[in-house]
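Have the sequence and the 3D view open as you read.

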Amino acid sequence: MTTRLMVGGGAGFAGDRVDAALAVAQDLATHTGPRYLVFETLAERTLALSQDPIARGEREQMMLRRLRVVLPVCLEAGIPLIGNFGSWNPEQTAEKIVSLCAELGCRIPRVAIVTGDDLLEHCSVEQILGLDLDAQPETDEQLTSANVYLGAFPIAQALDQGADLVITGRVADPALVLGPMISTFGLAETDWDALACGTLAGHLIECGAQICGGYFADPGFKDVPDLASVGFPIVEISDTFDCLIRKAAGTGGCVTERTVIEQLLYEIHDPAAYLTPDVVLDISGVSVTELGADRVRVSHARGKPRPDRLKATLCFNAGWIGEAEISYAGPNAISRARLAIDIIRARAARLDAGLPLRCDLVGVVSAFGCKAGLSDSITQLQTSLGALPGWPEDVRVRVATLAPQRERVAELLAEVEALYTTGPAGGGGVRTSIHRRITTAAAAVPRDLVSTALVFSKPLEGDRDVRISG
Amino acid sequence: MSVSLVEVPLHQVAHARAGDKGNRLNISLVAYNPELWPWLMEQVTEAVVLAGFAGRSPSGVKRYVLPQLRAMNFVIDDVLEGGVNRSLALDRHGKTLSYLLLSLTVRVPAQLLTR
């Protein structure tokens, strides 16, 4: 079998390690043929959170830090970048990236923007709420965003037209990899098994290091070398529609049958029917073969015709959610912590009985710990306090609540801070945080409600904005 | 010939990863030793998992099996307090719940306790 394309995974979520993609880009740059680097950075709530200008700004800065690391290598080596970076204003995102290239002294890239995921551009709120939803919003929740998971064909078209960088909004995560595969092989919309292979490849690398030993280690049971520099994945897709998973050269972590199987089933329900916009992926007969040296082959994905309807994620503003914590340590700490919880429950019942309340007991060693760190803390405590069956009690009371109004959340959580003078003995380290609460629902969207468009930031002669039906 | 069985947490004989979508949790379970597969098939049933998660009031458990990978996939409904965007829990995704599954016990032949 011959490798037809390589796709590297540069990020598995918006908060992923910023420097990890460099090793992937450098690895890809040492090869020839079609190579791509993809970034999955759009979690379910990111679009709704992006309505807050501060959150939006932070997200944009993170995206630019990510790209700063890899743009010089990728533009030099001819490795197109694909990312679902366009959460707010993709045209503006494209401009920022172009400016960054100028600042870095790189060649100015040809940037393509895939739009059409935002249902609110074409549909009324009533129309959207009238769709088939998996969960009905509560009466005081307001719809703030509704985005369809688009498929891979618009990405492929952008690549066919020479894009160096493809910015999308909401797309199915595996589409970031399937797009390059469609472009490389020239796949048709009904090449179900091939589309399944590309979707599987995307599913395997979309969570970054999770297939390379990240989120896998369990000391003494599943040991992973050098997680501090864990590698991010590269998938090689062959002409026989096999996927070879490996990690960037010179990195930590490991790629084994076990790491691959855990990722294979990650967030899967029925293995015979993983629904995506482009194909229904069947992994029930997939084989996983360890080839050694952190290389694993995954074969025999099957495809079935794509679903009639697309999935959209709807986000709702749903008031405020808050947490407050306080610690108790040493003799009888758990009893004191439980007393604190009893007090909070009694106060909450008097203050605002309607609010939901959740109380937890958290902890191993923190309050008595020393600056030097966990192991030193445990050793020191065992030395200074004599023989202990393990370590002293050290628990943290956690109180969480939510309400449509921020003040109600704040008032209830103030009761945790008030434990400083009114609660059990020896409470300390109160922390409180209150955040906007954004709830989500999934909607099934008929394809004819969706129209996708492709726009180039730097049009060439002969370019035309392409409208693609759903 | 009788086999001597030992009762161990699943954690000794299998590994797992949890994922969430809305209020639905999935947990993969993969046997370390291929010879353990029939023992897990027999003992880690939908009913056993349903009972193991009873504290979180699941509305249903579906088990999918991939024998060629010695892997099962459990889909557990309504155990995430409404899901990541609605839950008041510390771990709103339910990511730690793979280790709740691995806390269930199984009885297996002692000689198969190799990883």
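## Two domains in chain A

The centres of domain 1 and domain 2 of chain A, taken over C-alpha atoms, sit 38 Å apart. Domain 1 covers 3-309 + 443-469 and domain 2 covers 314-442, with bounds that come from an automatic or database domain assignment.

A word on ground rules: this is a predicted model, where local features need pLDDT of at least 70 and side-chain atom pairs count only at pLDDT 80 or more, while totals for chains, interfaces and linings use all residues. Residues are numbered from 1 along each chain as its sequence is written, chains are lettered from A and ligands numbered from 1 in the order in which they are written, and side-chain values use heavy atoms, with hydrogens and water left out.

## Where the domains touch

In chain A, 20 residues of domain 1 are in contact (heavy atoms within 4.5 Å) with 12 residues of domain 2. Together the two domains bury about 1300 Å², 59% of it on carbon and sulfur atoms; buried area is the accessible area (1.4 Å probe) that two parts lose on being put together, summed over both. On the domain 1 side, A:Arg45, A:Glu141 and A:Ala443 supply 29% of the area buried against domain 2, more than any other three residues.

How many salt bridges are there between domain 1 and domain 2 of chain A? The count is 0, a salt bridge being a side-chain nitrogen of Lys or Arg within 4 Å of a carboxyl oxygen of Asp or Glu.

## Chain B against chain A

Now for the contact between the chains. Chain B puts in 35 residues and chain A 49 residues, and the area buried between them is about 3600 Å², with carbon and sulfur atoms giving 48%. B:Arg17, B:Arg86 and B:Leu88 supply 25% of what chain B buries against chain A, more than any other three residues.

Between chain B and chain A the count is 5 salt bridges. To see a salt bridge up close, find the side chains of B:Arg70 and A:Glu257, which meet at 3.5 Å, N to O.

## Strands on the chain B side

Strands S2 (14-21), S3 (24-31), S4 (60-66) and S5 (71-77) of chain B each supply at least two residues of the side that touches chain A. Strands here are DSSP runs (E, at least two residues), numbered from the N terminus. Which strand of chain B gives the most to that side? S2(B) does, with 7 residues.

How values were computed: Helices (H or I, at least four residues) and strands (E, at least two) are DSSP runs, numbered from the N terminus.
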